[in-house]
Amino acid sequence: MKHEIDDETLTAYVDGELDDASATEVKSALLRDPELRRHAERLHGSAQALRGAFDELLAEPVPAEVLDVLERERSKSPVQGRKHVVQLAIAASFALVIGSLSGFWFAHTGPSSSSVGAWPGALEAASSGLFDTTPSGALVQIDSGLELQPVLSFRDRNGRICRQYVITDTRSSGATADGVACRTGNDRWQVEFARLRNPAPASSPPGFAPASGGDSGTFNAAVNALVADPVAPEQERELIRSNWR
Amino acid sequence: MPDELTEQLPDLLPRLRRFAIGMSGSRDAGDELLQAACERALSRQHQWTPGTRLDSWMYRIIQTLWIDELRRIGRQGETMEAEILEYIPAGDGRHDAETLLTLDEALGALGQLPEDQRVILLLVSVEGYSYKEAAAALELPIGTVMSRLARARLRLTSLIDEGASRPAQLRGS
């Protein structure tokens, strides 16, 4: 379809790449031409949609094989160890998620009517078995619509084994919960803290207040504060074999 | 100073992985690509100039490796169409109000673009590069970036529209 503004110019306009004079020209054309307006909106919307679709990847753990490449390099220089690489990669992952999604919700434990709010409960029900057997990076089904993915195993400052995890609700909009569960003295996993992330912040899920200022970084900070010593993949395999003893 | 590279690289990994998956069309291929790119970057760290953008340098390595891979398997210049014919976004009308794409749909759509358009679309519309930054990273004239990006965005938009107008019962899921 032919418009008085060509597609290159219009794309540059919706991307905010035109100088003031050209932008003014496009703006007045948009005011005159509703069809051109719709076209501009579609060009804008498709880019937004593409970006949105890719954002979920930032929340996923970087594969151990990739971290190993960096670790090998680091081990050549005596000062730095694996822990550093792993922590940086995880911190980066969260920092980017925080930067790219606009809405975060904290899981205040307690009764909630929303299905999202019921997650920590679903987790507790499932965790007894799944946290024992699922290696970091693997995805397992908790029930019909929930998937669990352990992200990292680590020891905390008290020597407890903990696992950072992500739970995704595959039924609805793909909302996710991040959390850390630690192994208690009686061989059970207990959720230390969790955060719910809702990709559609426009409508607040019932039972959850919008996160107050600055707390999107709180989860990240909490994890970092807890991690004393990350467990390497081969050690984790050993722990799974020995039932985490 | 090579240390600067190994210091900065971990922070970039999630974004580099996103880009590699976008280029290659799947998590598995993207993870392999990212691993190969990290290996190449570390073996050639002396070629990176400290103070310049490490992310751009890495994107370029990922792109080069991917083109090598396409060449190796004899699909140079082709799109991924043969593999990803299943691009069918949900035809439930949700595209009308606010366009939402799943990752699979997005990868499917990208797979139908030529590689030289895909890389620019990923840099600008996913990684948030300005046209100028994309032109510098890819060593292309800015006019080329603009025309390729415009073609890519038109195609993406029409793919989304096709998906939205497709009757739901044909989706087969």
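Between chain A and chain B, about 3800 Å² of area is buried, and carbon and sulfur atoms give 67% of this; buried area here is the accessible area (1.4 Å probe) that two parts lose on being put together, summed over both. The model is predicted, with local features needing pLDDT of at least 70 and side-chain atom pairs counting only at pLDDT 80 or more, while totals for chains, interfaces and linings use all residues. Residues are numbered from 1 along each chain as its sequence is written, and side-chain values use heavy atoms, with hydrogens and water left out.

Chain A brings 42 residues to the contact and chain B brings 46, where contact means heavy atoms within 4.5 Å. Between the two chains there are 7 salt bridges, each a side-chain nitrogen of Lys or Arg within 4 Å of a carboxyl oxygen of Asp or Glu. In one of them, B:Arg17 meets A:Glu60, with the closest N and O atoms 2.9 Å apart. On the side of chain A that touches chain B, at least two residues come from each of α1 (7-14), α3 (34-55), α4 (64-76) and α5 (82-100); α3(A) gives the most, with 12 residues. Helices (H or I, at least four residues) and strands (E, at least two) are DSSP runs, numbered from the N terminus.

Turning to the strands, β5 (residues 176-183) of chain A is largely enclosed by the rest of the structure, because 8 of its 8 residues are buried, that is, under 20% relative accessible area (1.4 Å probe, protein chains only). A:Thr176, A:Asp178, A:Val180 and A:Cys182 point one way from β5(A), and A:Ala177, A:Gly179, A:Ala181 and A:Arg183 point the other way. Strand β4 (residues 161-169) of chain A runs antiparallel to β5(A) and is joined to it by 7 bridges, with A:Thr168 standing opposite A:Thr176.

Definitions and conventions
Chains lettered and ligands numbered in written order. Buried < 20%, exposed > 50% of the residue type's maximum accessible area, 1.4 Å probe, protein only. Pairing = 2+ DSSP bridges.
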